[in-house]
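Reader: I'm new to this and I'd like to learn how to read a sheet. Can you walk me through one?

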Amino acid sequence: MKTFDKILLTNMERPGYTGSLPDYEGTGGYKALKTVLGNVPPNDIIEMVKKSGLRGRGGAGFPTGVKWGFIPKDHPGPKYLCCNADESEPGTFKDRQLMERNPHQILEGIAISCYAIGAQTAYIYIRGEFRLATKILERAITEAYQAGHLGSDIYGSGVTVYVYVHVGAGAYICGEETALLESLEGKRGKPRTKPPFPATHGLYQKPTVVNNVETLANVPHIVNRGSEWFASIGAPPKSTGTRVFCLSGHVKRPGNYELPVNATFRDLIYELGGGMRSDKPLKAFIPGGASAPFLTPDHVDVQLDFESVALAGSMSGSGGITVMEEGTSMVWAAFRLMEFFYHESCGKCTPCREGSAWIVQILQRILNKQGRPEDLRTLAEICENIGGRTVCAFGDAEIAPVQSTLKYWRAEYEVLIEEAEALKVSRKEIPVLSVAQAREVEGSLS
Amino acid sequence: MIFDKHQETVDEILGRYPVRRSALLPLLNLAQKEEGYVSQAAMREIAGILDLTPPQVFETATFYTMLNLKPIGKFHIQVCRSLMCALVGADPLIEWLHKHLGVGVGQTTGDKLFTLSTVECLGSCGTGPMMQINDDYYERLTEEKVGLILRDLRESGDCPMKSGPFMVPERGEGVVSQ
């Protein structure tokens with residue numbers, strides 16, 4: 001792997017760095033905010049972020065500057081920025097580290113982004129389980145207000161930014177941006193039908209940008225070092241910069257690793273992750289959180305950027321890579337992920353709500369050796385009837401584990417179903433009598 | 001009235017939002033922090049504060065898995081059962097807890113100390129198996145470690161093994177030439 005500079009994890013890897021305000025300021029923190037406020041027109045910042053090629057780090061990978069550009073500039077009323085800290089995609093745990101170890105990096109990104117889109121209020125929507133991260137963020141916000149980095153008339157520039165932490169209460173779907181907005185409005189977290197998009201009708205029907213924690217954390221660095229610098233890292237022109245990849249599963253050293261996006265899965269799994277935890281070889285990996293289709297050992301030399309992973313038939317998604325060793329049942333793995341999706345389906349769209357339940361039932365019976373020969377066709381048909389037929393991307397996500405394991409490890413399903421058939425045959429040794437035969441037996445007994 | 005003594009906090013929460021209903025989740029969370037669960041009385045009180053009907057509050061509350069609508073034990077043990085933790089041993093751990101505590105998933109021990117739940121992904125996949133007990137995460141669990149955690153909680157109500165600010169790998173841990 002070639003040498004590269006980390007962007008997001010640099011500070012927190014310094015010895016003794018606690019993430020406090022003095023620590024952050026001591027490493028050049030809030031310099032970017034000071035530079036832009038009152039000096040650089042908001043539109044120039046949007047252009048700068050567009051040119052950097054920064055794309056959303058939450059999963060969809062939408063170009064951040066373009067998203068900001070959709071906010072109507074002449075809108076008279078309030079606009080909002082929502083920082084998506086709901087991190088709930090199984091396999092992903094980077095935002096937690098970014099928040100708990102370097103909260104001001106995110107707050108500076110939020111302040112600059114608010115200035116760029118003309119928002120005076122930002123809400124950080126954080127998942128309810130992240131109690132420690134919530135405390136740390138709230139403390140950091142208080143520090144930033146006291147030091148004048150947030151609040152009204154920041155540095156005498158006339159710019160006002162207020163930041164609030166909004167704590168969720170347990171719902172995966174609230175990471176979907178319109179479900180997040182519904183939840184923030186105090187309702188059930190059900191995704192909205194789009195259009196209209198949040199850029200014009202978001203929080204309280206006002207223009208709103210929703211950005212992931214990691215996306216916003218990149219903004220101060222782009223301001224400090226320029227869009228050309230950022231755009232030169234990774235796999236330009238389409239996937240630029242670094243990403244914090246989360247490695248989990250059967251590897252020696254799971255954890256968060258920041259890499260330029262042109263690194264490969266091999267670099268991540270074998271070099272940084274130390275390879276497989278036991279002598280068993282790699283069997284499968286999920287390249288971008290639970291919503292991404294499984295890939296095989298044939299794909300380890302694929303680059304981590306959005307396009308390369310998409311070409312390999314999956315998605316880079318949230319950057320959560322889960323590794324599975326030889327001996328792991330792929331039917332079982334798909335089943336466990338399906339249980340997750342069944343549990344987390346919000347229930348708004350029938351195909352997703354009912355389909356996830358049916359898939360769980362079928363996978364369970366296959367695993368219990370009660371599968372039927374027609375089950376694989378049924379599974380494929382249910383998946384086809386969910387994909388693209390729901391309001392949000394959850395429907396497409398929940399069929400990924402089933403479709404991809406059926407594609408690469410169909411034989412494992414077939415073996416289980418054949419075993420079920422064999423058991424059925426052995427059960428047949430107990431004779432099943434026709435009605436006429438039964439009457440005959442009855443008659444001989446009376 | 002459970003919110004009377006928290007008037008200042010309630011006012012601060014209401015001040016964050018231009019629309020009152022946005023305070024619903026924060027108030028439900030506050031009610032749970034106060035009573036250990038969200039009682040019907042609390043939901044009626046919240047409805048009053050936010051100019052909503054009690055069914056509107058109840059409808060929202062039932063959507064979110066963290067809100068307990070029934071009383072639970074003093075320590076709520078929530079073990080992650082999603083695939084990433086299951087790959088590294090969550091299932092035997094849940095079985096161990098079930099035997100050790102003598103209660104099934106969703107049940108509370110006779111002394112009202114522990115409620116055992118299994119939950120989906122808590123965002124700690126690189127350090128599984130893991131569990132959350134009340135506000136705290138406990139990671140890289142083994143049966144022995146869980147035994148010690150439960151002992152500490154029984155004895156002092158706190159345990160030093162809870163997770164601090166998260167960083168994995170830690171500085172210097174597993175550093176590879178780049």
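Reader: In which sense do strand S7 and S8 of chain A pair, and over how many bridges?

Author: Here's the general idea: strands of a sheet pair through backbone hydrogen bonds, either parallel or antiparallel. In this predicted model, strand S7 (residues 242-249) of chain A pairs with S8(A) in the antiparallel sense, over 6 bridges. To see it at the residue level, find A:Arg243: it stands opposite A:Leu259 in S8(A).

Reader: Okay! What order do the 4 strands of the open sheet take?

Author: Read across chain A and you get S8-S7-S10-S9, with mixed pairing. At the edges sit strand S8 (255-260) and strand S9 (282-286) of chain A, each pairing on one side only. From one strand to the next, the twist averages 30 degrees.

Reader: Which strands does helix H11 of chain A lie across?

Author: Helix H11 (residues 265-272) lies across S7, S8, S9 and strand S10 (320-325) of chain A, and it runs at about 135 degrees to S8(A).

Reader: Now a charged residue. Is A:Asp305 buried or exposed?

Author: First locate A:Asp305, in the loop between S9 and helix H12 (306-311) of chain A. A:Asp305 is buried, yet it has no salt bridge. The nearest side chain of opposite charge is A:Arg55, 6.9 Å away, while a salt bridge has to be within 4 Å.

Reader: So what joins the side chains of A:Asp305 and A:Gln303?

Author: A polar contact of 2.9 Å. Beyond its neighbours within four places in sequence, A:Asp305 also touches A:Ala235, A:Ser239, A:Val261 and A:Ser316.

Key: Residues numbered from 1 in each chain as written. Chains lettered and ligands numbered in written order. Predicted model: local features only at pLDDT ≥ 70, side-chain atom pairs only at ≥ 80, totals over all residues. Heavy atoms only, no water. Pairing = 2+ DSSP bridges. Helix = DSSP H or I, 4+ residues; strand = E, 2+ residues; numbered from the N terminus. Axes fitted to C-alpha atoms, helices over the stretch in contact; angles between N-to-C directions. Contact = heavy atoms within 4.5 Å. Buried < 20%, exposed > 50% of the residue type's maximum accessible area, 1.4 Å probe, protein only. Lys, Arg positive; Asp, Glu negative; His and termini not counted. Polar contact = N/O pair within 3.5 Å; in protein donor to acceptor, adjacent residues only side chain to side chain.
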